[in-house]
Amino acid sequence: MNFKALSDIIFDEQDANLFLVDDPRLRADALKHSVLPRLRVLMNTAISHIREIYGIEALDDSIVSVFPNFREKRDKELTIKYDSAFVGIGGQRKAKWPGFARKDGKLVQILPFRFAFALTQDGLFIVLENGWLKGLDKKSFGSILQFHIDNEEKINPLCFYARMRPIVVWEEDLSIFATLKEQYHYRIDHEIFDNHFIGHTYCFPVASHQLVELVYDFASFFPVYDAYIQIAKGVPDRFDDMLSKLKNWIHQNDFDESESIEEKQTLRQKKAQEKAVLFAETKIRVMPAIRWQVFQRDEWKCVSCGRNSHDGVILHVDHIIPRSRGGLDTLDNFQTLCNICNIGKGNKDDTDLRNKT
């Protein structure tokens, strides 16, 4: 699996501090032009990894969704101070989902679950949300909960391997030591359908080898999301087949069957770090406190080619005079370059592209 795209990505303390910025416009622009493009790279890498493991296209029945989803033009000045961002996959909205039904009898076009990489002030993590859409009938949500009841013994070890934990129900009439099956039966009986799974949270800074780990976890837990999709399509799930393919992939990547889950995780983390560090060690990080000032001054686009996040590039803060030649970490020595133009500018090049004609 090629993780080179992740070598150019890092989430640092300034990404956390972004959610404390008082200016709603600056916060939104930073999410739109800097945070979401990096999360998209993470998602694209995960989709490729899913293709490698399971031999399927994750987007056959799904679309990539983002939050916040910014409109190009706004009639009013932005006042929302967003406290999170995510890029995830969810069911295609133009499809019909015969496995689910709405309370009002209309055809189901939007599904109540999404599988995403999420970023908050606390860090970066994976989330599988279910139950956020309230218009479906009880049977629709119950079918997903029944899937967990029927496959508890298979999903539990998968949770450990992918480091995903279910959010449990806390009620006076439910034992604090209730099993997951009891939890799911209780949810069905009491119509508590917000059945979420949260992954391991990486606190800032999140380096490229940790992003590789997140991709592994996302792809490993994908069979649960895929089962939801098959249920919504009204067809039998392929959960067992997906688990078999995941097991075969693990064997092919030198994971010993005799190893414990903890040992497998340790080896997987080591392999991920070895791959990512080959690229990450050569990267020079700009002081994060200056980044948003540079991007805002340069209007959130590459000063060389004019591309921005809408063109699928990642924006970088570049030293005009490189550090290796005595360049300072000052605002007037920084310029915004996209990842493509930044590759073409070596550390012997002191061109100020802001003055390019």
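What do the buried residues of H5 pack against? They pack against helix H3 (138–150), strand S5 (164–166) and strand S6 (197–199), where contact means heavy atoms within 4.5 Å. Helices (H or I, at least four residues) and strands (E, at least two) are DSSP runs, numbered from the N terminus.

Before going on: this is a predicted model, where local features need pLDDT of at least 70, side-chain atom pairs count only at pLDDT 80 or more, and totals for chains, interfaces and linings use all residues. Residues are numbered from 1 along each chain as its sequence is written, and side-chain values use heavy atoms, leaving out hydrogens and water.

Now select H5 itself, residues 180–190: Gln183, Tyr184, Tyr186, Arg187 and Ile188 are buried there (under 20% relative accessible area, 1.4 Å probe, protein chains only). Glu191 follows H5 and has a positive phi, near 55°.

Hop to helix H4, residues 152–162, whose buried residues include Ile155, Leu158 and Tyr161. Just after H4, click Arg163: its phi is positive too, about 55°.

Next, colour the open sheet: 6 strands in the order S1-S2-S3-S4-S6-S5, with antiparallel pairing (two strands pair if DSSP finds at least two bridges between them). S1 (62–67) and S5 are the edge strands, each pairing on one side only. Zoom in on S1 and S2 (residues 84–91), which pair over 6 bridges, and find Ser62 opposite Gly91 in S2.

Last stop: helix H2 (residues 24–54), which packs on the sheet and touches S1, S2, S3 (113–120) and S4 (123–130).

Key: Buried means under 20% relative accessible area, exposed over 50%, partly exposed in between (1.4 Å probe, protein chains only). Axes are lines fitted to C-alpha atoms, for helices over the stretch in contact, and angles run from 0 to 180 degrees between N-to-C directions.
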